[in-house]
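Please look through the sequence and the model shown here before reading on. The paragraphs after it go from whole chains to single elements.

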Amino acid sequence: MSKVKIIPCSGIGKVFGLMARETALKVTNELKPDETETVCLAHVVTGDTEAKEKIEGYSCITIDGCPKLCAAKNVELAGGIVKAQYRTVDEMRNHRGVNAGTATALTEDGWKILDDLCDKICVNVDEILKEEK
Amino acid sequence: MMSESTFMGVPREKIDWSPRIDYDKCNYCMECVKFCPHNVYGIIENEDKKLIVKNPDNCVVFCRACGKACGVDALSFPNKNETTKMIKQIRKGLEDNE
Amino acid sequence: MSKSYAILPCNGLDKCAGCIAKEVALKLTETTDSEIICPVLYRVADARYNKIASEKPLLIIDGCATRCASKLASEKGLKIAKKINITDEAKANNITITDSLRLGENELKLADIITVKLTKAEEKIESESSFSFPKDIQYEIYKKDKFTFRVPKKGFYFNENDCWVYVNGNIARIGVTDYVQQSLSDIMFFTPPSVGSEIEQFGEAGNVESGKAVFEVVCPVSGRITAINEKLLQAPELINENPYEKGWIAEIELSDFESDKDFLYDFSKYFEVLKRKVDEFHV
Amino acid sequence: MADSKVGVLSCSGEECLGGTISRLATRKMLEEIRPGKTVTLCLPLYLAGGEEERFFAKAYPVITVDGCSKCCAKRATEKYSGEVSASVVVSDILGEDIALNKTVSTKNLTEEHYKMVDKVAEEICKNFDKILYNKDK
C-alpha cells in the first residue's frame, strides 16, 4: 500500500495558504502518519524526474487556499491523481465573519476551522485506501 | 486633498454625506477608525465621546462600508435618494449659472 | 436544441454507478443531439472519435471516485466542458444505490434526475446569452506592484463608486470594477438584489463580501432588476476572476438612462479616477 | 518606480524545517523588517502561471529564499522571469542538518526556531538593502 499524498499550496500572501499548509501538516504528522505523507509541491513541479516520481500515478488530496487552485493544478501537471481537492476559502465561507489570522499565524478560531477540514480529509483517506485494496 | 474636492462635478463640501455616530450605542471599539482608509474618523483622548467624524468631506459619497464593519450598529448615513436628488439639484443650479 | 455534448462515460460494468453512467449517456443521446465516445474503443483506437471530441463540448460522466473517464480524458489531452460524478449525484439527491448491476427503480430515477439536470443546464446557458454582450473586450491596464487593474476601453460607463454599466437597448448589465475586487481580495459571499425590485440610481444593488469588508454595489443606473448572475451564488470568486465578464452582477431594465448618464463617467474619466484611487489608497 | 519595491519569493517547502523557516523569515520581512517595501510572491501561484506574480518578477528585483539546496524557488524564478537579484538558502545559513529536520507546524515553534527565523531574515535584509540602497556601489 502506498501512502496517500496530502499536498497543500502553502500560499504565502493570505491566511488561506497557511490554513492549507497547517491542515496538511496535521493530517500527515498527527492524524494519519501511517497512511499519508506530504511532499514538497515546489520540488515536484520544478524538480527532476526523480522528484516527479514521488507523485506520478499516486492518489493525492490537494488543499488549496483560494480558487486559483495552484496545488491541484500543479499536482495534475506533475502527473498526480487528484482524488479530492479542497479550498480553505470554502471552509471560511461556512464560518462567516470569523477572523482566522494571517499567513504568519492562525488564531484559535482559525485552528478550529482547520480541525473540521482535517476530519473531512481523514474520511477521504479512508475511502481511497479502501478503494485501492 | 484637492483632487478629491468634487463628486460627479459637484463640490464635495456641498454634499451632506458622512457617517452619524449614535453615542448611545457606540462602544468605542474603534473598528470604524481602523477600517476607513480615508481618515474620516478621529479620536480625541480624554473625552467622553472620544470618537468623532473628523473629516466628513473625506467620506466617499454613497459609501457605507464602515457601517457594516460596526458590530453594534452605531453608524448611520443620510438617505441615498435624497442625497441623489440634492446632488442633481446642485448640478442643475451650477449649469444654469454658467 | 442546437448544442449537444460529446459524452465520455466511464461505463464501468462491474459497479452499479458505472451502469448508471452508461444509462445517463444513453438517455442524453435520446433526448439531445449528443454522441457517445466508447471509453473502451477510444483507448485503443482514438482516431475514430477525434472528430466528435473536437467538435462538441465534452461531457465526462464518472461513476465512482476512481474517475476513470476523467483520467482517460486527461490522458488524451481532451478539454473538459462539463463533468459529473454519479456517486456524488446520488449523495446530493439522497438516493442510495445498491450493489446490483441491474438498474432498479432508484437507479433509474437517479438517471432521470441527472439527465434532466444536464439538459436543463444546457438550456440555461442559452437563455443567459440572450443579453448581447461584447466578446472581445479591450482593457486598459494600470499596475501597482503585483496588482493589475483593468478598465474596459469601450462601451462601459462607471460611477465614482467603482461600479460599471453596459447598456444594450433598454436593458443594461451592471457590475463592479477591478478596483473593488482587488481591494476586497478573495470574495466569499454575494448577496444579490432581488429580481423585480425597483432601484434608484446610486441605490443598493446587492453586496459582495470578503474576509476584509462588505462592499455595497452602488447601482449606476435606475430601473427594475430583471436578472441576477446566479453563478455568483455558488462561485463568487468569478468576480475576482473578471468582474466585467463572468463576474457581472445583475441585469436591469432602464427607466431613464439619458438622465442617469449625466452622473456617469466614460472610460477616460474613470481611468483617471481609478489611477488616483490606486495610488492613494490601494495597499 | 521599479526601484522602490523588492519581491521576496519563498519556497515554503512542506518536507523539511527549512521550508517553514524560509516562509516565516519572508513573512517577517513583509510585516516587520521592511513593510511597504517588501512584496511577497506566491511560489505555487507563480508556478501555476499566475501572470501578476510573473510580471512582477520580471519588472522588479527578486530575492529567492529556499529551504534546502534543491533551490526550487530560485530555479523556478530563473526559468520564468530571468536572473534573480539575490538568493538566500536556509541550509547554507543554518547548516544542512538543521534545515533538513522534520517540518514544524507554526503551533509548535520554539524560541530556537524564532532565532533561526531571525538569522535568515537578517540575511534576506542584508541583500534587500544592498539591492534597494546601494545599487551604484
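This is a predicted model: local features need pLDDT of at least 70, side-chain atom pairs count only at pLDDT 80 or more; totals for chains, interfaces and linings use all residues.

Residues are numbered from 1 along each chain as its sequence is written, and chains are lettered from A and ligands numbered from 1 in the order in which they are written.

The chains can be approached through their contacts, where two residues are in contact if their C-beta atoms, placed from the backbone, lie within 7 Å. Among the four pairs of chains that touch, chains A and D have the most contacts. Here 27 residues of chain D are in contact with 28 residues of chain A. On the side of chain D that touches chain A, the elements giving two or more residues are α1, α2 (43–47) and α4 (72–81) of chain D, with helices (H or I, at least four residues) and strands (E, at least two) being DSSP runs numbered from the N terminus. The largest share of that side, five residues, comes from α1(D). By type, the residues of the side of chain D that touches chain A divide into 11 nonpolar, nine polar and seven charged, where Ala, Val, Leu, Ile, Met, Phe, Trp, Tyr, Cys and Pro count as nonpolar, Asp, Glu, Lys and Arg as charged, and the others, Gly among them, as polar.

Between chains B and C, 15 residues of chain B are in contact with 14 residues of chain C. Of the side of chain B that touches chain C, α2 (65–69) and α3 (80–97) of chain B each supply at least two residues, and the residues of that side divide into nine nonpolar, three polar and three charged. Two other pairs do not meet: no contact joins chain A and chain B, whose closest C-alpha atoms lie 10 Å apart, and chain B and chain D do not touch, their nearest C-alpha atoms being 16 Å apart.

Chain C can next be taken as a whole. Its secondary structure comes to 11 helices and 15 strands, and the C-alpha trace of chain C spans about 65 × 40 × 35 Å along its principal axes. The domain assignment of chain C, with bounds from an automatic or database domain assignment, gives domain 1 (6–128) and domain 2 (139–281). The C-alpha centres of these two domains of chain C lie 37 Å apart. Of the 283 residues of chain C, 43% count as buried, a residue being buried if 20 or more other C-beta atoms lie within 10 Å of its own, exposed if 12 or fewer, and partly exposed in between, with C-beta atoms placed from the backbone. Among contacts in chain C between residues at least 6 apart in sequence, 64% join residues at least 24 apart.

F271(C) has its place in helix α11 (residues 267–281) of chain C. Is F271(C) buried or partly exposed? Because 18 other C-beta atoms lie within 10 Å, F271(C) is partly exposed. Not counting residues up to four places away in sequence, F271(C) touches E140(C) and V151(C).

In chain A, helix α4 (residues 70–77) has six of its eight residues buried, so this helix is largely enclosed by the rest of the structure. The buried residues in α4(A) are C70(A), A71(A), A72(A), K73(A), N74(A) and V75(A). They pack against β1 (4–8), α2 (41–46), β3 (59–64) and β4 (81–87) of chain A, together with α2 of chain D. After α4(A) comes G79(A), whose phi is positive, near 95°.

Helix α1 (residues 17–33) of chain D and helix α7 (residues 111–133) of chain D pack at an angle of about 60°, with their axes 8 Å apart. α1(D) and α7(D) are therefore oblique to each other, since angles under 35 degrees count as roughly parallel, over 145 as roughly antiparallel, 65 to 115 as roughly perpendicular and the rest as oblique. The residues of the contact of α1(D) with α7(D) divide into 12 nonpolar, one polar and one charged. In the second pair, the axes of helix α3 (residues 51–59) of chain D and α4(D) come within 10 Å and cross at roughly 85°, and α3(D) and α4(D) are therefore roughly perpendicular to each other. Here R54(D), A57(D) and K58(D) in α3(D) meet T77(D), Y80(D) and S81(D) in α4(D).

Terms used: Axes are lines fitted to C-alpha atoms, for helices over the stretch in contact, and angles run from 0 to 180 degrees between N-to-C directions.
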